[in-house]
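I opened the notebook to record what I looked up in this structure.

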Amino acid sequence: MRTLYQFPISHYCEKTRWHLDHKGLDYQVDDLFPGLHRLKSKRLAGIVTLPILQDGAKVVGDSTDIALYLEAQYPDRPLLPDDLAERAEVLALEERFDRMGVHVRRWLYGQIRQWDSVMHAMLKVYRPLFGLRDLMKPVLINGVQKLYGVTPERVAKSQAELLLGLELIEEKIGGDPSRYLVGERLSLADIAAASLYAPMFTPAGTPWADIAGHDAQTQAFLDEVFARPAGQWILRRYAEDRQRRT
Ligand SMILES: N[C@@H](CCC(=O)N[C@@H](CS)C(=O)NCC(=O)O)C(=O)O
């Protein structure tokens, strides 16, 4: 039995879902409640973040470690090139876009003016146990702002970082949204970049598609980045390469 411990709206968890789906591996999800998840994650893998994958007796935490584990354990439909130079480039980009996930998350939380739809998307999978789910909302809003360093200065720095990341995508694809970041086929680098930027670009079928709550200025910025080759590239990777379980 294979279990993915996750938060549905976490983009790092989305990255792991994409890896598993690409490999055609069956798995069940266990949606842990934000905050309380730490009891389980520490016990399982000695870490405080999700995703964590349990594959039979093996437990692996951290989306990059999970990706490398899956490549080693399930080599079909490889996401790492054979060529050593390309492989090194894929791993370096994977790491770069993995760090970008922190900036995307902080920037997005920094744009929210109205938390209702975010809280709904975050908590709708959990049963409303004795009203606990609703009672937790203010705690969670405060918690994510503290945990992810959502201050105006840091949000502004994150915005600059995420624009640099979009430039890097455009450089790697030569401005052509049909191309992959390295070589001629999908790799761990593409999945890291597309999934970790996805909450900004809300591709169809992702958990962020219905989240609203930002202002017109943020929407104008989003419209600009959507129109860029990197924005089109992210949507295209989702449309063409994001197989989902049926
Ligand atoms: N480097 C980690 C980052 C994962 C991560 O930041 N997960 C967040 C959700 S997006 C989390 O579990 N946060 C809860 C916490 O820190 O308590 C990975 O790639 O798995």
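Which residue lies over the face of Tyr148? I looked it up: Arg105 does, at 3.7 Å from the ring centre. I note that the model is a predicted one.

**Aromatic pairs**

I searched the whole structure and got 8 aromatic pairs. One of them is Tyr109 with Trp115, and I logged that pair as stacked. The centres are 5.8 Å apart and the planes make an angle of 15 degrees. Stacked requires planes under 30 degrees apart. I then checked accessibility, and both Tyr109 and Trp115 are buried.

Next I looked for linked rings. Phe97, Tyr197, Phe201 and Phe226 form a cluster through ring pairs.

**Cis peptide**

I turned to the backbone. Leu50 and Pro51 are joined by a cis peptide bond, with omega about 15 degrees. I placed Pro51 in the loop that runs between helix 2 (37–45) and strand 3 (52–55).

**Positive phi**

I looked up residues other than glycine with positive phi. Arg77 has phi near 50 degrees. I found Arg77 in the loop between helix 3 (63–73) and helix 4 (84–111).

Thr202 sits in the loop between helix 8 (188–201) and helix 9 (216–227). Is Thr202 buried or partly exposed? I have Thr202 as partly exposed, because its relative accessibility is 28%.

How values were computed: Residues are numbered from 1 along each chain as its sequence is written. This is a predicted model: local features need pLDDT of at least 70, side-chain atom pairs count only at pLDDT 80 or more; totals for chains, interfaces and linings use all residues. Side-chain values use heavy atoms; hydrogens and water are left out. Rings of Phe, Tyr and Trp (its six-membered ring) pair if their centres lie within 6.5 Å; planes under 30 degrees apart count as stacked, over 60 as edge-to-face and the rest as tilted. Buried means under 20% relative accessible area, exposed over 50%, partly exposed in between (1.4 Å probe, protein chains only). A charge sits over a ring if NZ of Lys or CZ of Arg is within 6 Å of the ring centre and within 35 degrees of the ring normal. Helices (H or I, at least four residues) and strands (E, at least two) are DSSP runs, numbered from the N terminus.
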